Amino acid sequence: MADAEIADGFRLTTLIEIVEPSPFPLDLFRYVAFVRDPAAGAIATFEGTTRETFEGRRVVELRYEAYVSMATRRLSEVCAAARASWDLRRIAVAHRLGIVPVGEASVFVAVSAVHRDDAMEACRFIIDEIKASVPIWKKEVYADGEIWKENKEFFERRPALIEAEQDKRSCCSGSKIRINGNDVLGTTAGKHGL
């Protein structure tokens, strides 16, 4: 099969969207409808939503930013890797940018396959890879402050980054910032600090 035919087939069976800031929630039914396939015996989904608290702090909203072209390219690679590992029919992945209020979805993954194990395992793989390797950054906005957050999956896959982050916090590149009476350690390294 020619590379162009493979690329066209991938586009026909894979939907990837980085949704620009909007007051409207993700259209989850649209993504499920996209992956519906008469040959599929299973559709697995994952919906990541903004929760109202984190470690005892009241969350007001999440804010997402992305390097869109790189994020889209990385999501394509993740979906291709899922297809190489499991027998999948269709994949839909959407990630919202901008403000995501409490209770709304920021990310949605839908996968169809002939068998449920393939759909469920691929769905989990895709969301884990999104959190570990796609250049989308999250700021948690609390009632008493805000902070850019790295996903634990990002650091679990990259032990050297854990050491680098700890080194930054112990040397001169880090700085403490007071937010509503609490000292918070920030860094001067872009999205990884406050």
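In which strand does threonine 14 lie? Threonine 14 belongs to strand 1, a strand being a DSSP run of E with at least two residues, and a helix a run of H or I with at least four, both numbered from the N terminus. This is a predicted model, in which local features need pLDDT of at least 70, side-chain atom pairs count only at pLDDT 80 or more, and totals for chains, interfaces and linings use all residues. Residues are numbered from 1 along each chain as its sequence is written, and side-chain values use heavy atoms, with hydrogens and water left out.

**View 1. The whole chain.** The chain contains six helices and 11 strands. Of its 194 residues, 39% are buried (under 20% relative accessible area, with a 1.4 Å probe and protein chains only).

**View 2. The surroundings of threonine 14.** Threonine 14 has a relative accessible area of 8% and is therefore buried. Beyond its neighbours within four places in sequence, threonine 14 is in contact with Phe34, Cys79, Arg83 and Ile91 (contact: heavy atoms within 4.5 Å). The side chains of threonine 14 and arginine 83 are joined by a polar contact of 3.0 Å (a pair of N or O atoms within 3.5 Å, one able to donate a hydrogen and the other to accept it; residues adjacent in sequence count only if both atoms are side-chain atoms).

**View 3. The buried face of helix 2.** In helix 2 (residues 28-35), the buried residues are Leu28, Tyr31 and Val35. They line one face of the helix, because they fall within an arc of 65° seen down its axis (the arc of the directions from the helix axis to the C-beta atoms). Their cover includes strand 1 (14-19), strand 2 (42-49), strand 5 (88-96) and strand 7 (105-113).

Definitions and conventions: Buried means under 20% relative accessible area, exposed over 50%, partly exposed in between (1.4 Å probe, protein chains only).
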